[in-house]
Amino acid sequence: MTVLIEPALLERELRASRARTMQLTSDLAGERLLGPMLAIVNPPLWEIGHVTWFQEWWCLRDGASAAPSGSMLSGADRLYDSAKVAHDTRWSLPLPTIEATRTYGEEVLDRVVRRLQREPDDAGLQYFVQLAVFHEDMHAEAFHYTRQTLGYPDPFPKPAALPASPGPNRGDVELSGGPFQLGAVRDSRFVFDNEKWAHPVRLEPFRIARVPVTNGKFLEFVEAGGYQRREWWTEAGWAWRVGAGVDAPRYWMRQGNIWLQRRFDTVAPLVAGHPVIHVNWYEAQAFCRFAKRRLPTEAEWEYSAAWDARAGGKRRYPWGETAPTAGHANLESSEPVAVDAFSAGDSASGCRQMIGNVWEWTESSFEPYPGFVIDPYQEYSRPWFGTHKVLRGASFATTRRLVRNTFRNFYTPDRNDIFAGFRTCAPT
């Protein structure tokens, strides 16, 4: 049974999502509104307009190109439909000015809010409003990636130094496995089509690291010649490494005997106890071979995050059913923190930081679950099945609205611009 959400709550989420977008883009001006043409970023001026167009398309026009009134911005469909506008053309489009683009965003948001107030019992509208909020949240994180890629300053304050949390945070936890329901359960809450629905899998006993791999541990791999030794790389991974010409993670640099790391527009000494970040799936695999370990499958990851053996069921978040707070996880922040922080967010299995700090690569390819049925936003999942790898958890830049144990992120295995790290499993 569909449970409706108070329109006032949805309005707060809409406005909070827009405020985050503004905070990440309000200082962009001049040539930074377009920036260099790179395959891993969008021109910010285009992306700001795209977020608004998506909200208008689904929340005001119900996803109908033949809506009688058309878009509120002339030519918006030809400019901002990411399924039809080739990536490399987005820098040369006749885009509106940033002032006109912001005005378009304000007008669409106000009309969506008024529609929610007029139609509080429209479950379909509520679904699309949530879709638009989460879509904008994802683009906000993408703006964060862009700022890191291009060396722009981070507009968010750095997190306060956190003391080490109590409790064991090294080594592995041993899990018994067994039957497990992988995926989202059927209830009234929003989930994406690739999470649907929970289905039975069986897991063999396994051991998984309590915390993600740290910079200090990954440095051991680097200094052991990890980027030069072919035997630790898959064929595709070695081809990527040779083509990219890398000998350390992205944004690492060596100055004498000191390793440094660039975070946005600042270069500082590498922090050994922080999770390694900006490594791709190939690099994670190579480290695992070096360490005689492996990546977890996404089923193992979700089991470690969600399964509560004492209660005999799954949790929505690693720590339980309570929505995330600042004490549970490093979310909506500006940078990673030490892997021993946030003990309040530990899972029942004893794993730490399974949500927040860094996304975590898994062994698994991104594929549909049994009985997959595509949702109205058809470009979200289906085009990427079979070519992407699954990441789980969340990063420091992810919003609290978006996280849950069943959420599946996905990127191609070469992407090292995203805020991703990994944890490992012991061989079984």
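Is R15 buried, partly exposed or exposed? At 35% relative accessibility, R15 counts as partly exposed. The terms work like this: buried is under 20% relative accessible area, exposed is over 50%, and partly exposed is in between, with a 1.4 Å probe and protein chains only.

Before going on, a word on the model. It is predicted, so local features need pLDDT of at least 70 and side-chain atom pairs count only at pLDDT 80 or more, while totals for chains, interfaces and linings use all residues. Residues are numbered from 1 along each chain as its sequence is written, and side-chain values use heavy atoms, with hydrogens and water left out.

Now the salt bridges. Side chains of opposite charge can pair when their charged atoms come close. Here a salt bridge is a side-chain nitrogen of Lys or Arg within 4 Å of a carboxyl oxygen of Asp or Glu. By this rule the count is 27.

R15 is in one of them: its partner is D110, and the closest N and O atoms are 3.6 Å apart. Since D110 is in helix α4 (residues 98-118) and R15 in helix α1 (residues 7-25), the pair ties together parts 95 residues apart in sequence. Helices here are DSSP runs (H or I, at least four residues), as are strands (E, at least two), numbered from the N terminus. D110 is also partly exposed, at a relative accessible area of 32%.

Next, D77 and R61, which form a salt bridge with closest N and O atoms 2.9 Å apart. D77 sits in helix α3 (residues 76-80) and R61 in the loop between α2 (44-59) and α3, so this pair ties together parts 16 residues apart in sequence. D77 is partly exposed at 28%, whereas R61 is buried at 4%.

The bridge links distant parts of the chain, as D62 is in the loop between α2 and α3 and R115 in helix α4, 53 residues apart. D62 is partly exposed at 44%, and R115 is buried at 10%.

Some salt bridges form a network: E298, E302, K314, R392 and R408 are linked in this way.

On a 1 Å grid over the protein atoms alone, a cavity is a set of points where a 1.4 Å probe fits but cannot get out; a pocket is an open set with protein on both sides within 12 Å along at least five of seven lines; lining residues have an atom within 4 Å of a point. Points are joined across faces, edges and corners, and a volume is the space filled by probe spheres set on them.

The largest pocket has a volume of about 1100 Å³. Its lining has 35 residues, and N42, H139, W384, Y411 and R415 lie nearest the centre. Helix α5 supplies the largest share, nine residues. By class, the lining has 19 nonpolar, ten polar and six charged residues. Ala, Val, Leu, Ile, Met, Phe, Trp, Tyr, Cys and Pro count as nonpolar, Asp, Glu, Lys and Arg as charged, and the others, Gly among them, as polar.

The second largest pocket is about 470 Å³. Of its 20 lining residues, E13, Q130, F134, R316 and R401 are closest to the centre.

How many cavities of 30 Å³ or more are found in the whole structure? The search finds two. The largest holds about 40 Å³, and its lining includes Y127, F192 and D375.
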